[in-house]
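Trainee: I would like to learn how the words used for a protein model are tied to their cut-offs. Could we go through them one at a time?

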Amino acid sequence: MEAVSATMKAINFPATSTVPRATVSITVASPWSQTKLNMLTFYAPNPNTRFSSICLPRCSTKPNTDTNNETDQNPTFEPNPSLTTENPSSAVSDEVIPSSSNHPSSLSRGLVLDLGPVGSWDCTDIGSPVVKRFLSDEEERWYMWYHGVSTDSQGSDSIGLAVSSNGVHWERGKGAVKSSADVGLVMSCGNDWWAFDTQSIRPGEVVIMSSAKVRASSAVYWLYYTGYSNEKVDISADSLGFKVQNPENQSSQTGEVLRSLPGLAISQDGRHWARIEGEHHSGALFDVGSEGDWDSLFISSPQVVFHGNGDLRMYYHSFDVGNGVFSIGMARSRDGMKWIKLGKIMGGGPKGCFDELGAMNPYVVKNKKDGNYVMAYEGVGADGRRSIGLAMSAEGLKDWRRVEDEAVLKLATMEDGWDSKGIGSPCLVEMDGDVDEWRLYYRGIGSSGRCGIGMAVSDGSDITRFRRWKGFQV
């Protein structure tokens, strides 16, 4: 496939973190060749460091010599849901911990990842699952990026990675990763005082693309994430009957709204990340809306979908003060770096519905069977309770319609169930191969405030019906 160029901020791995910002032209090509790709490892000297030029080890000895290319107006990007790379987890770290549950089986239906053990980076809070399935002739591999909080992080979220061979039983790490065979903490908050992500970070989406300019022999992971600063936003929403929060923390009763913006980081192995500077002065990709706009408070949960060559789409949510509801909007990009907002695409549902007070945490996928777009989202009821709904669109733009007036996944009916208080942050995975079904990963909150990550499966190809996972059918 012919390579085309796209302008972006790139990454370099210098000895120090004091690197000036720069913009260079990168050629982006399709990473999906017929030969098996090799997973390269590159290391940032500090996972919190920001970089502004790119140079990966073990690159081709034939670099792109065309240095005078202008930015292409229609750069090529393609996703790869079945990327075949060498298994970087063949050597398992001593710190790897299998997923487990402290709940009785009758109360833990659907739970696939509980809190980490005492002292681990994710022992007090987890959520925001971003799940990817990779298939090859030899194996099936699953990656889950998610946020976590430890007892000594002062409530700040970090991002970690768990791996699995079936998407149900997960291996996690207790601390930070040290190599490309590790799992665990992979990215912490930024250290730069001026940055947008100094307080907390949560993953939104991971897209896989490669760079012909770099000539790396494997694809590159692009992590779109929410970065929270310590700037508090004043909001008067007492009439709602619940506390508006950002970041969302359903185990907390305090209503604190922090300014948040979308960010980008790049990795060669999904574990060692380098932040990419966006156009906003804080390093974010773009800013909140102007006063009076629906997204003037914060930008949260950026999720990016590939639509076609030179067409990347970001879905995100904010709180629309004017209408008093959580709402979902979108932006569009040609290169994954520069974004143009298209406005709000979904607000609150009809009175009395599960999402009367709005929709948030969108996760959009393109149905491989019919080409339509499916959005799973977190609906907010009039009492503040959360459940998961679905919407569909032919083009993925502004023609979204809710699938049902009822949620497709509701709170657990058992009062002491692990997800009986709230569910949200959905992540959809369309299964390939012999299994004709969808999986829905989500965050759940129990009556005690304890949280976990769960999984529900569709009734065959019927995406409007989900049931919590009970076990494999023999």
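Mentor: Let us begin with burial: of the 474 residues of the protein, 60% count as buried. This is a predicted model, in which local features need pLDDT of at least 70 and side-chain atom pairs count only at pLDDT 80 or more, while totals for chains, interfaces and linings use all residues. Residues are numbered from 1 along each chain as its sequence is written, and side-chain values use heavy atoms, with hydrogens and water left out.

Trainee: Why is valine 168 called buried?

Mentor: Buried means under 20% relative accessible area, exposed means over 50%, and partly exposed lies in between, with a 1.4 Å probe and protein chains only. Valine 168 has a relative accessible area of 2%, so the word buried applies to valine 168. Valine 168 sits in the loop between β8 (158-164) and β9 (170-173), and its C-alpha is 8.9 Å from that of glycine 471, although the two are 303 residues apart in sequence.

Trainee: What makes β19 and β22 edge strands?

Mentor: Strands (E, at least two residues) and helices (H or I, at least four) are DSSP runs numbered from the N terminus, and the protein has 26 strands and 0 helices. Two strands pair if DSSP finds at least two bridges between them. An open sheet is formed by 4 strands in the order β19-β20-β21-β22, with antiparallel pairing. β19 (359-366) and β22 (401-402) each have a single partner strand, so one side of each is left without a neighbour in the sheet.

Trainee: How do you know that β20 and β21 pair?

Mentor: Strand β20 (residues 373-380) and strand β21 (residues 386-393) are joined by 8 bridges, and at least two are required.

Trainee: What share of the contacts in the protein with a separation of 6 or more joins residues 24 or more positions apart?

Mentor: Contact means heavy atoms within 4.5 Å, and among contacts with a separation of 6 or more, 63% link residues 24 or more positions apart.
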